[in-house]
Amino acid sequence: MSDISGINFEKIKHKKKMATEDIVFTILNTTFLVLFAVVTLYPILNTLAYSFNDGNDAVRGGIYLLPRKWSLRSYHEIIFERAGIRVGAKITILRTVLGTLTSLFANALLSYILSRKKFLFKSGLSLFWIITMYASGGLVPTLILFRYLHLTSSFWVYIIPGMVAAFNVMVMRTYMLGIPDSLEEAAQLEGAGYMRVFASIISPLCKPVYATIALFVAVYHWNSWFDAMLYNRFDPQYTTLQYELMKLLDSVSASTGVASGAQMGASAQNTITPITVRAAATIATMAPIVALYPFLQRYFVTGLTIGGVKE
Amino acid sequence: MENSILKSKRTKEVDINKPKLTAKEFKRQWILVVISAVYVIYGVIFYYLPLFGWIIAFQNFIYAKGIGGSKWVGLDKFKFLFKDKKFLMVIRNTFCMGALNLIFSTVMAIVFAILLNEVKNRFFKKSIQTISYLPHFLSWIIVVAIVHDALTSTGIINDLLMRFGILKQPYQYLGDPKLFWGIVVISNLWKETGWNAIIYLAAITSIDPCLYESASIDGAGRFQKMLYVTLPGLRPTIMILLLMNIGNVLNAGFELQYLLGNGLVQNVSRTIDIYVLDWAMDARNMDYSLGTAAGIFKTVVSMSFIVIANYIAKKRGDERLF
């Protein structure tokens with residue numbers, strides 16, 4: 001008897017200990033995760049507050065989640081007074097739309113060919129593209145090649161070179177390989193050729209993976225600045241939004257004295273670009289992504305798991 | 001999911017459907033063959049020709065004269081590189097920042113995934129996760145703008161430290177070479193932790209629930225279960241991701257360092273990619289050959305990292321890439 005009750009007693013004690021451990025852990029864990037979210041969101045909200053604040057007033061600092069002196073001046077400036085940003089926005093939208101469409105089509109078609117189990121040169125063509133994932137010529141040979149091809153000082157440098165990317169092809173191919181062969185065979189018996197099967201059988205079934213790849217490519221185009229700087233820096237008519245933002249960043253950091261090592265306060269008076277203008281440009285640049293994010297994020301995540309690989 | 005890919009790679013596939021190259025089959029597939037040919041031409045131009053361009057590292061390449069007209073100089077460019085103190089410095093910077101980023105981002109992503117997995121409330125879990133990978137989709141320009149704002153004299157960091165009396169006057173963090181690598185690591189964590197955690201979260205859900213039950217019966221608490229069930233369950237995923245990323249250690253250093261760097265910290269901020277870019281863009285000292293040589297060095301070292309890591313993994317019987 002006493003033996004059994006002793007065990008019960010121990011068990012109860014153990015359970016109690018675990019319960020308190022549980023509660024303490026849950027509290028700490030929740031605190032940590034909330035803090036994580038705050039650290040992630042605060043800088044973005046802070047930039048938002050700055051963007052709506054008066055430029056001269058913002059120099060004093062001390063702006064947190066709300067603007068101190070409301071002003072739409074900065075947005076007015078980036079939309080109406082800065083030609084670079086206007087051109088950049090136009091080019092960025094153009095390259096995002098055109099680049100995403102062409103890239104989606106080019107990647108999908110190649111994936112389709114590589115996922116045909118009976119294709120004669122399947123393994124050879126796969127190897128040809130897998131090699132491109134690992135070996136790259138590097139920045140300088142690519143730059144020279146683009147100069148020879150007259151792709152520099154041109155809009156097309158944004159669209160053509162990155163159109164086919166082996167990583168995206170591999171993700172799409174994995175997805176297509178999961179589609180039962182019987183569908184294709186049935187269509188072929190009905191007289192459908194390869195292209196017809198691609199357009200009418202495979203593509204409609206691939207909508208989820210198409211959406212994912214399209215989103216990744218679109219985000220890539222939207223966020224690009226390096227190609228604008230490397231290939232088109234002497235051609236302001238081909239500038240991109242992010243590159244314009246980068247120039248703003250440069251002018252602010254130069255004026256706040258980090259570059260020269262001067263003390264901040266003194267030079268902050270004669271800023272070339274008010275911090276609020278840069279904040280407004282930052283917000284405007286991230287706005288489309290943040291606005292679409294809640295609706296699209298599930299596609300982003302499936303993209304990671306579809307191919308079973310991570311970039 | 002990764003496991004299945006690995007296994008299919010390991011056991012040599014024997015394809016019974018493998019088609020024979022006959023005239024009839026060729027005729028049936030002509031459209032696929034034609035389109036493939038277009039892709040091969042595209043691939044040769046945009047991916048293989050730049051590799052061919054490596055030969056200019058052995059020349060004194062002058063754009064106007066072309067590859068045919070430029071003078072061959074053998075290994076002179078490489079000799080110059082390894083005598084250039086700046087180049088040795090950028091190798092150190094690239095390697096150290098790459099390694100620090102790899103270690104911290106892996107650890108942080110695992111910790112975040114395990115802790116998030118412990119949350120019972122689905123709405124809270126979902127919200128935190130959604131917030132956590134938002135920064136992944138912002139450009140480095142925006143991230144750098146945010147880091148700048150946080151670290152200026154009126155920024156939140158100086159503000160908090162002064163409020164709590166830790167600092168008497170604002171500190172110029174971005175001008176201090178000792179802090180630069182830390183700032184790079186933290187910026188990287190801010191941008192990528194949530195994103196990197198996705199793959200670990202997916203791996204956690206595939207751990208057999210029986211293991212947790214039997215651990216509970218054996219009297220394991222929550223902490224012990226995380227340590228002795230979840231973490232070992234993640235081991236294959238961790239190994240494969242480390243393997244994949246080790247080849248990228250030298251690639252992990254361009255945008256952030258380029259945008260965040262300034263004159264005061266250039267000895268610790270400049271990476272191989274920035275060094276290459278300087279030879280390619282600086283109008284006065286342009287030297288395409290040197291830039292190419294430095295790029296070749298980086299690619300070759302990256303490749304050997306992958307091969308060595310893979311070899312070690314093979315020896316230890318862990319997951320491996322090929």
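Hi everyone. Before I start, one definition: when I say "domain", the bounds come from an automatic or database domain assignment. And please keep in mind that what you see above is a predicted model.

Let's begin with chain B. Its domain assignment gives two pieces, with domain 1 covering 19-74 and domain 2 covering 85-316. How far apart do the C-alpha centres of these two domains of chain B lie? They are 35 Å apart. The two domains do touch, and their contact takes 8 residues from domain 1 of chain B and 5 residues from domain 2 of chain B. If you look at the domain 1 side of that contact in chain B, you will find 5 nonpolar and 3 polar residues, with no charged residues.

Staying in chain B, let me show you a pair of helices. Two packed helices are described by the angle between their axes and the distance between the axes. Our pair is helix α10, residues 177-205 of chain B, and helix α12, residues 222-246 of chain B. Their axes come within 9 Å and cross at roughly 135°. Is that parallel, antiparallel, perpendicular or oblique? Angles over 145 degrees would count as roughly antiparallel, and 65 to 115 as roughly perpendicular, so α10(B) and α12(B) are oblique to each other. The crossing of α10(B) past α12(B) is right-handed.

Which residues make this contact? On the α10(B) side, please find B:Ile199, B:Tyr200, B:Ala203 and B:Ile204. Facing them from α12(B) are B:Thr230, B:Gly233, B:Leu234, B:Thr237 and B:Leu241. Sorted by class, the contact of α10(B) with α12(B) holds 6 nonpolar and 3 polar residues, and no charged residues.

Now over to chain A. Chain A has 14 helices and 0 strands, so if you trace its elements from the N terminus on, you read α every time. Chain A has 311 residues, and 39% of them count as buried. As for contacts in chain A between residues at least 6 apart in sequence, 69% join residues at least 24 apart.

In the model, 72 residues of chain A are in contact with 77 residues of chain B. Which helix gives the most to the chain A side? That is helix α1 of chain A, residues 2-51, with 15 residues. By class, the side of chain A that touches chain B has 41 nonpolar, 24 polar and 7 charged residues.

Methods
Residues are numbered from 1 along each chain as its sequence is written. Chains are lettered from A and ligands numbered from 1 in the order in which they are written. This is a predicted model: local features need pLDDT of at least 70, side-chain atom pairs count only at pLDDT 80 or more; totals for chains, interfaces and linings use all residues. Axes are lines fitted to C-alpha atoms, for helices over the stretch in contact, and angles run from 0 to 180 degrees between N-to-C directions. Helices (H or I, at least four residues) and strands (E, at least two) are DSSP runs, numbered from the N terminus. Angles under 35 degrees count as roughly parallel, over 145 as roughly antiparallel, 65 to 115 as roughly perpendicular and the rest as oblique. A crossing is left-handed if the near helix is turned anticlockwise from the far one by less than a right angle, and right-handed if clockwise. Two residues are in contact if their C-beta atoms, placed from the backbone, lie within 7 Å. Ala, Val, Leu, Ile, Met, Phe, Trp, Tyr, Cys and Pro count as nonpolar, Asp, Glu, Lys and Arg as charged, and the others, Gly among them, as polar. A residue is buried if 20 or more other C-beta atoms lie within 10 Å of its own, exposed if 12 or fewer, and partly exposed in between; C-beta atoms are placed from the backbone.
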